[in-house]
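I opened the notebook again today to look around a two-chain structure. Here is what I looked up, in the order I got to it.

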Amino acid sequence: MGLDFSQIAPSFPYILKGIWVTLQIVAVSAVVGFFIGVILSLFKIGKFNVLRWFADAYTSVFRGTPLVLQLMLIYYGLPQVIGFEIPAYLAAIAAFGLNSGAYVSEIIRAGIEAIDKGQKEAALALGIPYSEMMKDIILPQAMKNILPALMNEFITLTKESAIVTTIGALDIMRRAYIVGGQTFSFFEPLLFAGLIYYLLVMGLTLLGKALERKLKQSD
Amino acid sequence: MIKIENVSKFFGETEVLTGISTEISNGEVVTIVGPSGSGKSTLLRCINKLEEASKGRIWIEDQEVTDPSVNIMKIREEIGMVFQHFQLFPHMTVLENIMYAPLKVRGKDKEEAETLARSLLKKVGLEDKETAYPKRLSGGQKQRVAIARALAMEPKMMLFDEPTSALDPEMVKEVLAVMKDLAQSGMTMIIVTHEMGFAREVADRILFLDEGKLVEDAPPERFFTSPESERAKDFLEKIL
Ligand SMILES: Nc1ncnc2c1ncn2[C@@H]1O[C@H](COP(=O)(O)OP(=O)(O)O)[C@@H](O)[C@H]1O
Ligand SMILES: [Mg+2]
């Protein structure tokens with residue numbers, strides 16, 4: 001039996017609608033992850049041992065366990081503790097946001113640590129307060145290292161988001177799977193889903209390259 | 001006035017400064033000389049608390065820098081510092097580099113800060129570079145901008161940590177000329193340097209450090225012609 005895309009053609013719009021779901025989950029979790037990442041990275045480079053310890057432990061746990069486990073713990077496990085169900089969409093954002101925060105905090109920390117420590121000393125010697133120094137001197141320079149790595153994290157998140165399928169969120173992946181079940185042929189819809197992911201990732205990659213070029217120009 | 005009283009500094013187990021005491025009056029120009037690794041930078045950095053002295057006390061006027069509860073940021077506003085590797089802010093233009101601290105720390109408005117920055121650029125001979133980014137400048141130009149940036153805070157004293165050591169030989173002069181002007185204008189200056197000609201000509205006093213100890217504290221003539229210690233003699237023989 002060969003491939004027959006015409007059989008699933010009527011379901012293309014249904015699968016395509018999953019792009020919106022996927023992008024929404026990815027975009028919101030990326031924002032959540034970014035904020036968590038910024039805060040954790042400040043803890044990591046700060047002088048308070050308790051906060052540094054917390055941020056390191058957080059990162060270690062979220063990087064040291066499977067993402068799908070974190071997702072299921074939140075979606076299936078947490079309701080047992082808090083007493084009410086969590087919508088799949090929210091559970092996905094929570095899991096991806098918390099997880100991504102760990103990776104983003106490492107990206108930002110490394111970006112900041114790559115800046116010559118003489119820059120900090122120059123700012124301190126001028127009497128510039130810590131917060132202003134971070135905002136105006138250190139972070140703008142660190143962004144050159146941080147942005148490309150953040151873009152990579154965003155791309156990874158887009159691909160990894162396919163595991164929300166396991167908790168029944170109607171993303172691209174889930175929809176392709178459903179169509180496969182209805183038509184008794186999985187190969188075509190899954191290939192179609194793969195094409196969509198690939199195009200999304202390529203789009204983001206090009207965007208990232210353009211961004212990098214723009215950053216290079218300003219040197 | 002800067003008063004340094006019995007200051008020692010340990011990095012872990014290693015003692016890099018041992019019981020340093022001296023006083024520097026207002027308007028005085030003091031150079032710190034000595035072999036590499038003798039603790040010159042560390043001593044300088046203890047004054048504005050980029051390093052914390054392990055023992056001893058340091059006063060600037062009537063404020064004790066080494067007091068743990070002191071507001072060091074306020075004190076730093078009054079002490080300019082110039083680094084070996086310039087440390088200009090690379091993402092800001094020359095003018096922005098100079099204006100930033102007066103704007104943020106002194107609370108000057110933009111116009112005031114700009115006027116001040118321009119007059120300082122003129123003073124260091126770089127009025128045509130205000131819109132340039134640091135990496136378009138030569139080392140000598142960078143260091144002159146760094147001096148202007150420090151002066152923009154209108155500090156009461158200036159610290160220099162080997163300001164010409166990272167420069168190509170032909171650029172050393174232009175930076176030393178700016179520093180000499182500054183010394184003649186009555187600025188209190190502490191300068192770590194290997195430029196012995198400059199030290200001899202401009203300094204009121206020379207501090208010679210060796211292995212973390214203040215071995216000589218003398219006017220330049222005496223230091224260069226009749227040093228008291230063997231170590232200073234050795235040092236001078238090697239570099240002159
Ligand atoms: N942050 C530091 N940690 C450990 N050792 C240091 C540090 N800074 C300087 N030292 C050591 O302290 C000694 C004095 O250094 P420094 O003050 O830089 O000397 P100088 O400026 O005279 O060359 C050197 O042996 C140096 O290796
Ligand atoms: Mg040094």
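**Entry 1: the interface**

I began with the salt bridges, and the rule finds three of them across the interface of chain B and chain A. One that I wrote down joins Lys104(B) to Asp136(A), with the closest N and O atoms 3.2 Å apart. A reminder to myself: this is a predicted model, and each distance here is computed from its atoms.

Next I looked up polar contacts across the interface of chain B and chain A, and nine residue pairs came out, both partners at pLDDT 80 or more. Which elements of chain B give two or more residues to the side that touches chain A? I found α2 (72-76), β6 (79-82), α3 (94-104) and α5 (139-151) of chain B. The largest share of that side, three residues, comes from α3(B). Sorted by class, the side of chain B that touches chain A holds 14 nonpolar, three polar and six charged residues.

For the overall extent, I noted that 23 residues of chain B and 19 residues of chain A take part in the contact. The area buried between chain B and chain A is about 1,800 Å², and carbon and sulfur atoms give 61% of that.

**Entry 2: the nonpolar cores**

I then turned to the largest nonpolar core, which has 54 residues. Which of its members touch the most other members? They are Ile137(A), Ile2(B), Ile4(B), Ile32(B), Ile60(B) and Ile190(B). Helix α7 (residues 130-160) of chain A gives the most to this core, with seven residues.

Not counting residues up to four places away in sequence, Ile32(B) touches Lys40(B), Leu43(B), Leu44(B), Ile190(B), Ile191(B), Val192(B), Thr193(B), Leu207(B) and Leu209(B).

**Entry 3: Leu95(B)**

I went back to helix α3 of chain B, where Leu95(B) has its place. Is Leu95(B) buried or exposed? Its relative accessible area is 9%, so I list Leu95(B) as buried. Leaving aside neighbours within four places in sequence, Leu95(B) is in contact with Glu114(B), Ala117(B), Arg118(B), Leu121(B) and Glu130(B). With Glu130(B) I also checked the separation: 35 residues in sequence, and 4.8 Å in space from C-alpha to C-alpha.

**Entry 4: two positive phi values**

I looked up Phe86(B), in the loop between β6 and α3 of chain B. Phe86(B) is not a glycine, yet its phi is positive, at about 65°. Phe86(B) counts as buried because its relative accessibility is 12%, and the cut-off is under 20%.

Gln87(B) is found in the loop between β6 and α3 of chain B. Its phi is near 55°, again a positive value in a residue other than glycine. Gln87(B) is buried, with a relative accessible area of 9%.

**Entry 5: Ser105(A)**

My last stop was Ser105(A), in helix α5 (residues 88-113) of chain A. With a relative accessible area of 0%, Ser105(A) is buried. What does its side chain join in a polar contact? The partner is the side chain of Lys44(A), at 2.8 Å. Beyond four places in sequence, Ser105(A) is in contact with Gly37(A), Leu40(A), Ser41(A), Lys44(A) and Thr59(A).

How values were computed
Residues are numbered from 1 along each chain as its sequence is written. Chains are lettered from A and ligands numbered from 1 in the order in which they are written. This is a predicted model: local features need pLDDT of at least 70, side-chain atom pairs count only at pLDDT 80 or more; totals for chains, interfaces and linings use all residues. Side-chain values use heavy atoms; hydrogens and water are left out. Contact means heavy atoms within 4.5 Å. Buried area is the accessible area (1.4 Å probe) that two parts lose on being put together, summed over both. A salt bridge is a side-chain nitrogen of Lys or Arg within 4 Å of a carboxyl oxygen of Asp or Glu. A polar contact is a pair of N or O atoms within 3.5 Å; within protein, one must be able to donate a hydrogen and the other to accept it, and residues adjacent in sequence count only if both atoms are side-chain atoms. Helices (H or I, at least four residues) and strands (E, at least two) are DSSP runs, numbered from the N terminus. Ala, Val, Leu, Ile, Met, Phe, Trp, Tyr, Cys and Pro count as nonpolar, Asp, Glu, Lys and Arg as charged, and the others, Gly among them, as polar. Buried means under 20% relative accessible area, exposed over 50%, partly exposed in between (1.4 Å probe, protein chains only). A nonpolar core is a set of buried Ala, Val, Leu, Ile, Met, Phe, Trp, Tyr and Cys residues joined through side-chain atoms within 4.5 Å.
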